[in-house]
Amino acid sequence: MSTAESTGRPGPSWAADGAAAGRERLGRVALGSFAVAAAADLGSLLADWHLGHVIAKPLLMPLLVAYVITRGAPRLLVAALLFGWGGDLALLFDAEAAFLVGMGSFAVGHVCYLLLFGKRPANALLGGAYVLALLGTVALLWPDLPADLRIPVAGYSLLLTAMAFRSSALGLRAGIGGALFLLSDTLIATGVAAWPQLPRPDFWIMATYLAAQYLLATAATDRESRRTVGRPSVVQD
């Protein structure tokens, strides 16, 4: 047991400053590594290099998790990102069962996000726009989806749209992240429905997804940091 622990007093300020500086360095390394992995993944998709995508994609969410942890991320955010990672891994496999597993993992991640956003008020007009988008998208996709995927996709779309709408409660950055997540998964759904696709559709899916997760993660950690800074400190004698 250290002297500080035995007396019940806080440790020296230089030790706390050193630990904070160490976390800051680790955060910069993790964020830089995330950017490199994202560039490698997106470049592999543009180049149609499947092996590069298979190598880079599993690294993305763990690196983003490492970054937000150094910034004091709430547990629900870490859980949301890790369930997103589970979805990422499942979707590497081109099979309907893997698609359902991936969709289920992302769905749990959306529940984590919804719990994280809490009951803060959001714009009612924006909510109406999201409802119209949900109803229109599901109605248009429904006839072209495989029959056994219609109900799961519709249920997932409802949860995803709720997450996208509620994300705006954390501010503009998170709201944009939620909207991009909805766009990314809608692009996936149009592929499942065999609609005409943009050139390199996987690139656009991953680009919007990575931007979404980054914006949601940083918005949530910034809010947590502001709340922690605003909390009064307790000095022990």
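Predicted model: local features only at pLDDT ≥ 70, side-chain atom pairs only at ≥ 80, totals over all residues.
**Stop 1: helices α5 and α8**

Select residues 96-117, helix α5, together with residues 172-192, helix α8. Their axes lie 14 Å apart and meet at an angle of about 160°. Angles over 145 degrees count as roughly antiparallel, and α5 and α8 are therefore roughly antiparallel to each other. The crossing of α5 past α8 is left-handed. To see the contact, show the side chains of F99, F106 and H110 on α5, then F181, D185, I188 and V192 on α8. Sorted by class, this contact has five nonpolar residues, one polar and one charged.

**Stop 2: the second largest cavity**

The lining divides into four nonpolar and four polar residues, with no charged ones.

**Stop 3: the largest cavity**

The structure holds two cavities of 30 Å³ or more. For the largest, select L187, Q197, L198, P201, W204 and I205, which line it. This cavity has a volume of about 40 Å³. Helix α9, residues 201-229, gives the most to the lining, with three residues. The lining has five nonpolar residues, one polar and no charged.

**Stop 4: the largest pocket**

The pocket has a volume of about 810 Å³. Colour α2 (13-46), α3 (50-70), α5, α8 and α9, each of which supplies at least two lining residues. By class, the lining splits into 17 nonpolar, six polar and eight charged residues.

**Stop 5: the second largest pocket**

Go back to D185 and select Y156, S157, T186 and A189 with it; these lie nearest the centre of the second largest pocket, which is lined by 21 residues. Helices α5, α6 (124-141), α7 (150-167) and α8 each give two or more residues to that lining. The largest share, six residues, comes from α8. The volume here is about 280 Å³. How many charged residues does the lining have? There is one, beside 16 nonpolar and four polar.

Conventions. Residues numbered from 1 in each chain as written. Heavy atoms only, no water. Axes fitted to C-alpha atoms, helices over the stretch in contact; angles between N-to-C directions. Helix = DSSP H or I, 4+ residues; strand = E, 2+ residues; numbered from the N terminus. Parallel < 35°, antiparallel > 145°, perpendicular 65-115°, else oblique. Left-handed = near helix turned anticlockwise from the far one by under 90°. Contact = heavy atoms within 4.5 Å. Nonpolar A, V, L, I, M, F, W, Y, C, P; charged D, E, K, R; others polar. 1 Å grid on protein atoms, 1.4 Å probe; cavity = no way out; pocket = protein on both sides within 12 Å on 5 of 7 lines; lining within 4 Å. Points joined across faces, edges and corners; volume = space filled by probe spheres on them.
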